[in-house]
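Please look over the structure below.

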Amino acid sequence: MGVLIIDTIEKGVVHLRSVYLDSNSGMPMWPEVISSMLPYMSEHYGNTSSIHAMGNEPKKAMEMARSHVAELIGADPTEVIFTSGATEAVNLALRGSTETASEGKKGIIYSQADHRTVTATAEDLSRKGVRTAMMPLDHLGAIKLKEAVSIMDQGGFHLLSMPFASQEVGTFQPVEDLVKEAAEREVLVHLDLTRSAFQVPIDVKKQGIDLATISSNDLLGPKGVGALYIKKGVRLKPILTGGGHERALRSGSENIPGIYGMGKAASIVKKRMGDYVPQMERVRDALIDGLLRIENTHLNGNMKMRLPNNANVRFDFIEGESILLMLDLNGIQAASGSACSSKTLEPSPTLMAMGLKHEEAHGSIQMTLNPNTTIDDIQYVLEVVPGIVENLREMSPLYNRIGD
Amino acid sequence: MSRIEYSKKVMEHFTNPRNVGTVDDADGIGTVGNPVCGDMMEISLKVEDGRIEDIKFRTFGCASAIATTSMLTEIIKGKTIEEAENISWDDVVKSLDGLPPVKVHCSHLAIDGLRKALYEYYRKRQIYRPDLIPKDEESHHESSPECE
Ligand code: FES
């Protein structure tokens, strides 16, 4: 390992291999999606709002995309609107529903299993006087049901937001139970399908979901597009004012190439999920098994009830940023929950909410796969990681203490 | 993670650290930081005829923390005790061709470790040097409440 690294630094030699395990941060696109988008950047540049002929093709493309996205999640096309991404969809769901909620019932329940988009939006609303409450997580990363229900019972909340699965550790949330409890108390449910939509089937109708966020890039579609599912009858106030596009809920000329790409990606996911997910899960299991063979290594989250593409492990006695850099020098890209690798120097809020100690969050590494990840990739990772961990442990004052 | 841009020197020391370990029969060992706050460093040294004959480190922390301690041991080795006392974190950062602003605090910890090891050395000789005890050991990672 040492030789390869020094070569890389001194001569700028490229790696023999590159293994991308940071799919939570960005996904590759389906090649067919890229080519399908091109006509909407060349000949079909019209605006959907135009009466004339140039508006037709884009309009058709958009409606086609809408039905594909709706079909993927079990919605009616009229219940799907396009946004500039998951962040905007989450903002519209949280802010838009707060505006229409009746006085005395403006309140949001969320958790540290949520993506930063949800927690940051809730925090902002809280500063503006909206009631907010956090549901606690158990040590595997799932929302604690009893505690969540007792928060709802306090009253004064109009919305409960939860991810289908925790972003970071991939633990499935008790969606069915929470939806049932929320419905009984007339609390709306916003379900964040980011990370899960391309790998776990969902039927928002059957499950009784009120609002759902989907990101295009997560479907291996283009970045900068997303969608919000809004159940018929759920009222939102738009957060953008303008020309009244998307049934006045999202003004702004539509990003037709992106939207078309997202629709195409949704249709591919729907068609192929049954093939690539079991395969991806097998590869992921091999990764987890191999990593856990390194001594003093633990899995974060639930072994069984987790997203098929997620592996999150922690190595005792060493720190995440060092591990990430070493991995990167060996051509492997991953992410970490360590304070040292975050801009704020704070450890991952999800891991802390799960009750991990500071130093445990420190040594946590998140590896997220996509349908292109192969068993060969994982074999390479498993060849490299033990050496990195050992080298760093040799330098660690914590390691020897235990070893002595 | 947002990729942190480290200088070539930092990366070189990080990937090929000098003087890792603990000096046998050390005249002074300084352990600073706290795993709960994320980072911990240990500096051990051996003194002969007023010179630092040998110095080693062990670090639990980020690449910057590792590179800083590695560089520090390289600078210190062979220096007189007086010279060692006068090394500042700024000297170490300069020798590493700089550190990203958010990572400068890691270099403070390295100096604290060195000074604590020197304090130990003096103490063994019945010389009390409270000025060598890091005043703001706890200010490292001050953003975390558990570190206060
Ligand atoms: S050791 Fe934590 S940022 Fe350097």
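What distance separates the centres of domain 1 of chain A and domain 2 of chain A, taken over C-alpha atoms? The two centres are 29 Å apart. This is a predicted model, in which local features need pLDDT of at least 70 and side-chain atom pairs count only at pLDDT 80 or more, while totals for chains, interfaces and linings use all residues. Residues are numbered from 1 along each chain as its sequence is written, chains are lettered from A and ligands numbered from 1 in the order in which they are written, and side-chain values use heavy atoms, with hydrogens and water left out.

**Domains**
- Chain A is assigned domain 1 (6-29 + 274-400) and domain 2 (31-269), with bounds from an automatic or database domain assignment.
- Their contact (heavy atoms within 4.5 Å) takes 28 residues from domain 1 of chain A and 31 residues from domain 2 of chain A.

**Largest pocket**
- A pocket is an open set of points on a 1 Å grid over the protein atoms alone, where a 1.4 Å probe fits, with protein on both sides within 12 Å along at least five of seven lines; lining residues have an atom within 4 Å of a point.
- The largest pocket holds about 1,400 Å³ of space, the volume being the space filled by probe spheres set on the points, which are joined across faces, edges and corners.
- It is lined by 43 residues, and those closest to its centre are A:Ser25, A:His115, A:Arg116, A:Glu168 and A:Arg195.
- Domain 1 and domain 2 of chain A each give at least three residues to the lining of the largest pocket.
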